[in-house]
Amino acid sequence: MSPDQYSFADPRTLYPSISPPVQQQPEPAVQAKMTPVPDLGENSYRGSGRLQGRKALITGGDSGIGGAVAIAFAREGADVAISYLPEEEQDARHIVALIEEAGRTAVAFPGDLKNKDYCHRLVDAAVDGLGGLDIVVSNAGKQVFVEKIEDLSDEQFEDTMHTNVFAMFWLAKAAVPHLKPGSTIICTASLEAYNQLPFLLDYATTKGAINNFSKALAQQLAPRGIRVNAVAPGPTWTALQVSQGFPPEKLPEYGKDNPLGRSGQPAELAPAYVYLASGESSFTIGETLNVNGGMPTP
Ligand code: NAD
Ligand code: MG
């Protein structure tokens, strides 16, 4: 049997300590063109029926963490709708094929989450295509580094806010009327919510907001039987880093400064989302699950 997420292993060496070569792509980066290509658990994630019959919408489900979550959810028995930008069709096809290989229904609905109308149509497409909705994963995000506030354009500040915060709000607002008791919403915060890199001013601002949004919404929706939680990833090797998310010359050292001494792979984030989506976390509400290689958080 090949190793999977249940295998006993040393976390320091379970995934290689990579030193990615300096590389750049226009935003949004295509994961298939990265060196090395991130590991989404294609060859390791083993499902055990934890989300049997569930119906999930995952934004940014074409690549990185969202892609790994889509694979895991499908192998756990869920039908999955993914959103992504039209330029990411190649990555989206890879994920759709893996969802279908797991024997589940896949819905692919590309578009720009900065557009409120698209967010509403995305929820409708998921409900129509899956025959309902009971898991919403707000995962899509924009991260572009700028060293000085004077160089941070109003346009970038607004785009980061719209992608990371407004879209999350629009999606949740559109989805809630469809969500029965037992449903779950999972937001994607970041270590940046607590431990801000100075060149990620706009991004770090949104991640603090996402964390607070999930905790406030959790209290609002728990009395209705809908649980809201967040996952806060730490440095994970994904397409965000090669499209100006991180200073290119620092890429070879990316993520090496945490106690584990290496960056994470998207495959290592997926189980946190599975846990928060499944009934196993029935008493876990308004929590932020930090998955970051050992960086202390509040
Ligand atoms: P990724 O690039 O693979 O995924 C991000 C996705 O966001 C893209 O695939 C794209 O489809 C989507 N997206 C961006 N702008 C969009 C827009 N305007 N409209 C529609 N979709 C859009 O990178 P990732 O690292 O897997 O990112 C997933 C989430 O994880 C993000 O919220 C990110 O902030 C968060 N996160 C990542 C890290 C990390 O180190 N990689 C750390 C903390 C938090
Ligand atoms: Mg992508």
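User: Is Asp4 buried or exposed, and what is its relative accessible area?

Analyst: This is a predicted model. Burial is read from relative accessible area, with under 20% as the limit. Asp4 has a relative accessible area of 10%, so Asp4 is buried.

User: Which side chain meets that of Asp4 in a salt bridge?

Analyst: Look for a side-chain nitrogen of Lys or Arg within 4 Å of a carboxyl oxygen of Asp or Glu. Here the partner is Arg46, at 2.5 Å from N to O. Arg46 counts as partly exposed, at 37% relative accessibility.

User: How many salt bridges does a search of the whole structure find?

Analyst: The search finds 11. One of the pairs is Arg93 with Glu89, whose closest N and O atoms are 2.8 Å apart. Check sequence spacing next. Arg93 and Glu89 lie 4 residues apart in helix 2, about one turn of the helix. Both ends are partly exposed: Arg93 has a relative accessible area of 44%, and Glu89 is at 30%.

User: Which residues are linked in a network of salt bridges?

Analyst: Lys55, Asp79 and Arg104 form such a network.

User: What about a charged residue that is buried yet has no salt bridge?

Analyst: Take Asp91, in helix 2 (residues 89–101). Asp91 is buried and lacks a salt bridge. To read such a case, find the nearest side chain of opposite charge. For Asp91 that is Lys33, 8.6 Å away.

User: Which residues is Asp91 in contact with, leaving aside its neighbours within four places in sequence?

Analyst: The contacts are Ala29, Val30, Gln31, Ala32, Asp62 and Ser63.

User: Which helix gives the largest share of the lining of the largest cavity?

Analyst: Helix 4 does, with 5 residues. Helix 4 (154–175) and helix 5 (201–221) each supply at least two lining residues.

User: What is the volume of the second largest pocket, and how many residues line that pocket?

Analyst: A pocket is open, whereas a cavity does not let the probe out. The second largest pocket has a volume of about 530 Å³. Its lining has 33 residues. They divide into 18 nonpolar, 11 polar and 4 charged. Helix 1 gives the most, with 3 residues. Helix 1 (64–75) and helix 6 (270–277) each supply at least two.

User: Which lining residues lie nearest the centre of the second largest pocket?

Analyst: They are Leu14, Tyr15, Arg262, Ala267 and Glu268. Now tie this back to charge pairing. The side chains of Arg262 and Glu268 meet in a salt bridge, 2.9 Å from N to O. Arg262 is buried, with a relative accessible area of 3%. Glu268 is partly exposed, at 24%.

Key
Residues are numbered from 1 along each chain as its sequence is written. Chains are lettered from A and ligands numbered from 1 in the order in which they are written. This is a predicted model: local features need pLDDT of at least 70, side-chain atom pairs count only at pLDDT 80 or more; totals for chains, interfaces and linings use all residues. Side-chain values use heavy atoms; hydrogens and water are left out. On a 1 Å grid over the protein atoms alone, a cavity is a set of points where a 1.4 Å probe fits but cannot get out, and a pocket is an open set with protein on both sides within 12 Å along at least five of seven lines; lining residues have an atom within 4 Å of a point. Grid points are joined across faces, edges and corners, and a volume is the space filled by probe spheres set on the points. Ala, Val, Leu, Ile, Met, Phe, Trp, Tyr, Cys and Pro count as nonpolar, Asp, Glu, Lys and Arg as charged, and the others, Gly among them, as polar. Buried means under 20% relative accessible area, exposed over 50%, partly exposed in between (1.4 Å probe, protein chains only). Lys and Arg count as positive and Asp and Glu as negative; His and the chain ends are not counted. Contact means heavy atoms within 4.5 Å.
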